[in-house]
Each structure stands twice: as C-alpha cells, then as structure tokens.
Amino acid sequence: MRAHETVPYDQWIERSPEEMAARAAEFYEDINRRRTTRSFSERPVPSAVIETCLLAAGTAPSGANHQPWHFAVIESPGIKAKVREAAEEEERVFYQQKAPQEWLDALAPLGTDEDKPFLETAPYLIASSRRSVVAPIRATRRRTTTSTKASALPPAF
C-alpha cells in the first residue's frame, strides 16, 4: 500500500470497556427483537422522526465514503397504491414462476403471499436506490465506484 496523507478523524468518542460492553448488549437486544413483518401500525409518524432516520441511513458505509444513497419518502395515497400494485405483480410472478419449492415451503407457515395491503396503510413508504453520480467533495462531480450490492445496506438501518 502506498503511503498517503490521511484525513484526521476528530469525532472519535473514547469509551470504557464497561460502557462498550453495556452499549453492545443494548444494541444486540434491540437488533435481536427485530423481525421481518407484514404487520404495520397506521399510527402517524412525525416527519422529523423520518428525517432523522434517513439521516442515519444515509451514513451507511460505502466505497470511498461516498454514501451514494437516494431515499424517496412516499406519503401520497395514490402513489402508495401504484407501488402496491407493482409490488404485488412482481410477487405474483415470483410466487408462481420463480420461487423454488423449498422457499415456498419455508414461507407457508408464515402466511406470506403476494398480497401487500400494508403498502397502502403505512403512513409512509421509503424507497431507496443507489445514485450513480455522487455529490462532490470538491467542485467536480464524479461517478461512484460503490457496488450495486452495497445499495442494500441503508434500508437495513
């Protein structure tokens, strides 16, 4: 590796081993409770909460620290209906033509199918994608080199 000058990171917070252990355990407990679900609350969510979550998601690691993520928050009932229609069509094709039997057998006890009414009743839908051109650090625009597979990271946060 070539020697190069690095940009100093001055935001580091030093923590004691005890605090690190406590924070790690709390984080694990939060993550361990997470489950894939198709049962969503229709309770309104303050837009400030959505904005803060998107700020956090936008910091997901990426190649060269470019964060090439783009998020679209969908609140319009008409657009949510179109998203549902398109998603259900994709799922119909998947369930009827593409899914291996082993996968269908694993999904059967969960009652999972192509019906997605939650896409219309959720207060917001958040779509994510990878931008092919990222905002510049300097005055020039550049293409991102981030793998398309990496674009799956932010929605997980």
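Biologist: Leaving aside its neighbours within four places in sequence, which residues is Ala72 in contact with?

Modeller: Ala72 touches Leu125, Ile126 and Ala127, once neighbours within four places in sequence are left aside. Contact here means heavy atoms within 4.5 Å. This is a predicted model, where local features need pLDDT of at least 70, side-chain atom pairs count only at pLDDT 80 or more, and totals for chains, interfaces and linings use all residues. Residues are numbered from 1 along each chain as its sequence is written, and side-chain values use heavy atoms, with hydrogens and water left out.

Biologist: What makes Ala72 partly exposed?

Modeller: Its relative accessible area is 29%. Buried means under 20%, exposed means over 50%, and partly exposed is in between (1.4 Å probe, protein chains only). So Ala72, at 29%, is called partly exposed.

Biologist: Where does Ala72 sit?

Modeller: In strand β1, residues 69-74. Strands (E, at least two residues) and helices (H or I, at least four) are DSSP runs, numbered from the N terminus. The C-alpha atoms of Ala72 and Ser129 are 8.6 Å apart, though 57 residues separate them along the chain.

Biologist: Which residues make up the largest nonpolar core?

Modeller: Seven of them: Ile50, Leu54, Ala57, Ala60, Trp69, Phe71 and Tyr124. A nonpolar core is a set of buried Ala, Val, Leu, Ile, Met, Phe, Trp, Tyr and Cys residues joined through side-chain atoms within 4.5 Å. Helix α2 (47-57) and β1 each supply at least two residues of this core, and α2 gives the most, with three.

Biologist: Why do we say that the buried residues of α2 line one face of the helix?

Modeller: Those residues are Ile50, Leu54 and Ala57. Seen down the axis of α2, they fall within an arc of 60 degrees, so they line one face. The arc is that of the directions from the helix axis to the C-beta atoms. The face turned away from the buried side carries the exposed Glu51, Thr52 and Leu55. The buried residues of α2 pack against β1 and β2 (125-130).

Biologist: How do the residues lining the second largest pocket divide?

Modeller: Into two nonpolar, four polar and one charged. Ala, Val, Leu, Ile, Met, Phe, Trp, Tyr, Cys and Pro count as nonpolar, Asp, Glu, Lys and Arg as charged, and the others, Gly among them, as polar.
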